[in-house]
Amino acid sequence: VKNCDPVNKKELKTGDLIFFKIKSDKISHVGIYLNDGKFVHASSSSKGVMVSDLNEAYYKKYFYSAGRIKNLK
């Protein structure tokens, strides 16, 4: 998170990172935004890497923030 510039959820672009706080007050899950509300992430279950929708109730509930990686020099 500290290596990202904050991005409003409505202004997400492909490649932005999406952070979730699930069962903790710390960020515990990260996804990469694709487009049209979809993001790719590693499932905590046996499903492996999957594409999900940010508008699903589960992800809406645990969404914390989004960010765009800063230009690192």
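The exercises below concern a predicted model.

**Exercise 1.** Determine whether D53 is buried or exposed, and identify the surroundings of its side chain.

*Solution.* 
Step 1. Locate the residue: D53 belongs to strand β5, which covers residues 49-53.
Step 2. The relative accessible area of D53 is 18%. Buried means under 20%, so D53 is buried.
Step 3. Leaving aside neighbours within four places in sequence, the residues in contact with D53 are G37, K38, F39 and Y59.
Step 4. With one of these, K38, there is a polar contact between the two side chains, at 3.1 Å.

**Exercise 2.** State which residues form the largest nonpolar core, and which elements give two or more residues to it.

*Solution.* 
Step 1. The largest nonpolar core consists of 11 residues: V7, L12, I18, F20, I22, Y33, F39, L54, Y59, Y62 and A66.
Step 2. Two or more residues of this core come from each of β2 (17-20) and α1 (57-62).
Step 3. Consider A66, a member of the core. Not counting residues up to four places away in sequence, A66 touches D5, P6, V7, L12, L17, I18 and F19.

**Exercise 3.** Classify V30 by its accessibility and name the surface patch to which V30 belongs.

*Solution.* 
Step 1. V30 is found in strand β3, residues 29-35.
Step 2. The relative accessibility of V30 is 39%, so V30 counts as partly exposed.
Step 3. Together with V1, I27 and Y64, V30 forms a nonpolar patch on the surface. The accessible area of these residues together is about 330 Å².

Methods: Residues are numbered from 1 along each chain as its sequence is written. This is a predicted model: local features need pLDDT of at least 70, side-chain atom pairs count only at pLDDT 80 or more; totals for chains, interfaces and linings use all residues. Side-chain values use heavy atoms; hydrogens and water are left out. Patches are made of residues with over 30% relative accessible area and no salt bridge: like charges are joined within 9 Å, nonpolar side chains (Val, Leu, Ile, Met, Phe, Trp, Tyr) within 5 Å. Accessible areas come from the Shrake-Rupley method with a 1.4 Å probe; for residues, only the protein chains shown count as cover. A salt bridge is a side-chain nitrogen of Lys or Arg within 4 Å of a carboxyl oxygen of Asp or Glu. Helices (H or I, at least four residues) and strands (E, at least two) are DSSP runs, numbered from the N terminus. Buried means under 20% relative accessible area, exposed over 50%, partly exposed in between (1.4 Å probe, protein chains only). A nonpolar core is a set of buried Ala, Val, Leu, Ile, Met, Phe, Trp, Tyr and Cys residues joined through side-chain atoms within 4.5 Å. Contact means heavy atoms within 4.5 Å. A polar contact is a pair of N or O atoms within 3.5 Å; within protein, one must be able to donate a hydrogen and the other to accept it, and residues adjacent in sequence count only if both atoms are side-chain atoms.
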